[in-house]
Amino acid sequence: MSRFGFIQDHSSAFSVKRLCQVLGLARSSYYAWKKAREARAERARPIAEHMRTSLIVDALRAAQAERGCLSGAIFHSDHGAQYTSAAFARVCEQLGVVQSMGAVGSSADNAAAESFNASLKRETLEGKGLKRWKSVKHARLAVFAWINRYNTRRRHSANGQLSPLIYEQRTASLELAA
């Protein structure tokens with residue numbers, strides 16, 4: 001976790017000014033980081049009121065831009081038209097992504113994705129009642145912040161109580177050492 005992320009996570013308990021003093025950071029640096037982070041989130045995370053192929057392709061390309069290489073990654077989905085389209089298959093092939101689809105009518109193979117979606121809805125969208133945001137931008141930022149925390153800090157029992165990021169880094173290190 002970065003010092004700026006720490007400040008953001010604890011700004012409800014302590015003032016940004018005090019946190020910056022304790023960590024030896026200029027407040028202007030924190031606010032510049034926050035503004036740039038919001039701008040990056042806005043650009044890199046497609047969100048729309050539809051589930052067309054273009055949205056899925058944009059999300060996959062954003063993942064490639066973020067991670068560099070997706071070769072060998074497995075994209076598991078249901079049999080929705082956007083996932084079975086020729087355009088999506090072409091992009092997966094170009095990026096080296098392996099497509100995977102479960103059996104029609106079976107929810108068991110998609111349990112991890114369903115659990116993720118349920119947690120996102122419960123912890124971000126619903127909370128203690130249905131949340132309303134000032135704008136779509138605010139909703140995007142809330143979802144982005146939750147996903148970022150989910151991937152970088154939240155521990156998962158399936159990963160030996162490691163966050164997905166740490167688990168992936170350790171797994172990659174072990175593969176390189178082998």
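Trainee: What relative accessibility does Gly-96 have?
Mentor: Take the cut-offs: buried is under 20% relative accessible area, exposed is over 50%, and partly exposed is in between (1.4 Å probe, protein chains only). Gly-96 counts as partly exposed because its relative accessibility is 28%.

Trainee: What kind of model is this, and from which number are residues counted along each chain?
Mentor: This is a predicted model, where local features need pLDDT of at least 70, side-chain atom pairs count only at pLDDT 80 or more, and totals for chains, interfaces and linings use all residues. Side-chain values use heavy atoms, with hydrogens and water left out, and residues in each chain, as its sequence is written, are numbered from 1.

Trainee: In which loop does Gly-96 sit?
Mentor: Helices (H or I, at least four residues) and strands (E, at least two) are DSSP runs, numbered from the N terminus. On that count, Gly-96 is in the loop between H6 and strand E2 (98-101).

Trainee: Which residues does Gly-96 touch, leaving aside neighbours within four places in sequence?
Mentor: Contact means heavy atoms within 4.5 Å. Gly-96 and Gly-72 are 24 residues apart in sequence, yet their C-alpha atoms are 5.9 Å apart. With neighbours within four places left aside, the contacts of Gly-96 are Leu-70, Ser-71, Gly-72 and Ala-73.

Trainee: In what order do the elements of the chain run?
Mentor: The chain has 9 helices and 2 strands. Starting at the N terminus, they run α-α-α-α-β-α-α-β-α-α-α.

Trainee: What share of the chain counts as buried?
Mentor: The chain has 178 residues. Its contacts between residues at least 6 apart in sequence include 44% that join residues at least 24 apart. The share of residues that count as buried is 24%.

Trainee: How far apart are the end C-alpha atoms of H4?
Mentor: The expected span of a helix is 1.5 Å times one less than its number of residues. H4 has 15 residues, so it should span 21 Å. The end C-alpha atoms agree, being apart by 21 Å.

Trainee: Which residue follows H4, and which residues of H4 are buried?
Mentor: The residue after H4 is Gly-68, with a positive phi near 95 degrees. Within H4, the buried residues are Thr-53, Leu-55, Ile-56, Val-57, Leu-60 and Ala-62.

Trainee: At what angle do H1 and H2 pack?
Mentor: Axes are lines fitted to C-alpha atoms, for helices over the stretch in contact, and angles run from 0 to 180 degrees between N-to-C directions. H1 meets helix H2 (residues 16-23) through Arg-3, Phe-6, Ile-7 and His-10 of H1 and Val-16, Leu-19, Cys-20 and Leu-23 of H2. The axes are 10 Å apart, and the angle is about 145 degrees.

Trainee: How many residues separate Arg-153 and Asp-9 in the chain?
Mentor: A salt bridge is a side-chain nitrogen of Lys or Arg within 4 Å of a carboxyl oxygen of Asp or Glu. Arg-153 and Asp-9 form one, with their closest N and O atoms 2.7 Å apart. Arg-153 is in the loop between helix H8 (136-152) and helix H9 (164-177), while Asp-9 is in helix H1 (residues 3-10). The separation in the chain is 144 residues.

Trainee: Which parts does the Arg-154 and Glu-123 pair tie together?
Mentor: The salt bridge between Arg-154 and Glu-123 is 2.8 Å, N to O. Their parts are 31 residues apart in sequence, so the pair ties together the loop between H8 and H9 and helix H7 (residues 111-126).

Trainee: What is the relative accessible area of His-156?
Mentor: His-156 also has its place in the loop between H8 and H9. Beyond neighbours within four places, His-156 is in contact with Tyr-150, Gln-161, Leu-162, Ser-163 and Pro-164. His-156 is buried, with a relative accessible area of 14%.
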